[in-house]
Amino acid sequence: QWYQRRVRGVTTTIVSRVYLITISKMVKIAVLFATVLVWVSADIGERKGVTISIKGEGTDLMLATEEDLGSFWCGASCEYVFTTDSKSDDTVWDIIPFKQGEEDCYKIVKAKGVSVGQMMGCVHNNLWKAPFGDGKPKLYTNSAEDESKCWEFVNVGGDSYKIKSKLGQTAGKSIKARPINFKEESVSKMRRFVEVSDDDTDNVWEVKNA
């Protein structure tokens, strides 16, 4: 009887340990799987032919470069980026992964319309002054391959992202489109002056197929 109890005790201990080890492995596998799912869902990957929009007054305001916005001279080889509620070729973009040195980046490229092929960028000393902004760097497109074209898409749920500059003197700042707050009859409230900023408001963008 003593021997039988001893064997049963050892068997129970072994079974319990095997059970615990199995459960532990299953938990680790589940955690790893969940981590992979989160990573995959958060990484935007290559997206072509998309609109990039922010919620406006009852409508989606899409990033665009449009000649008919006029009156703001960027230069012969660049275009400032604004918002519009009118979908057209000028609101279509490609989001393309690439390497800038050791950094994993995304470039945001105009897919159609005005300035097609140009990329979104900014410089720290080209600023929107009042009443159009409060001294934050302007967002524009041009063809220059430089560190300002390296962007990071930070997922904040679903197809919504904060788009952050990764390199240079604007690193860590997010693309922002503050509401129009001045009275000018010739400027639509749907047309916002797009900038990069540390302010954590008006900076959640939704990426959708155009």
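Here's a quick tour of some strands and ring contacts in this structure. It's a predicted model, so local features need pLDDT of at least 70 and side-chain atom pairs count only at pLDDT 80 or more, while totals for chains, interfaces and linings use all residues. Residues are numbered from 1 along each chain as its sequence is written, and side-chain values use heavy atoms, leaving out hydrogens and water.

**Strands** (DSSP runs of E, at least two residues, numbered from the N terminus)

- Eight bridges join S5 to S6 (residues 103-110), and the two run antiparallel; strands pair if DSSP finds at least two bridges between them.

**Aromatic rings** (Phe, Tyr and the six-membered ring of Trp pair if centres lie within 6.5 Å; planes under 30 degrees apart are stacked, over 60 edge-to-face, the rest tilted)

- The structure holds eight aromatic pairs.
- Phe 82 and Trp 128 make a tilted one, 6.0 Å centre to centre with 50 degrees between the planes.
- Phe 82 is in S4 and Trp 128 in S8, so this pair ties together parts 46 residues apart in sequence.
- Trp 128 and Phe 193 have centres 5.1 Å apart and planes at 80 degrees, so they're edge-to-face.

**Charges over rings** (NZ of Lys or CZ of Arg within 6 Å of the ring centre and within 35 degrees of the ring normal)

- Arg 191 puts its charged end over Phe 82, 4.3 Å from the ring centre.
- Lys 107 lies over the face of Phe 98, at 5.6 Å.

Note on methods
Helix = DSSP H or I, 4+ residues; strand = E, 2+ residues; numbered from the N terminus.
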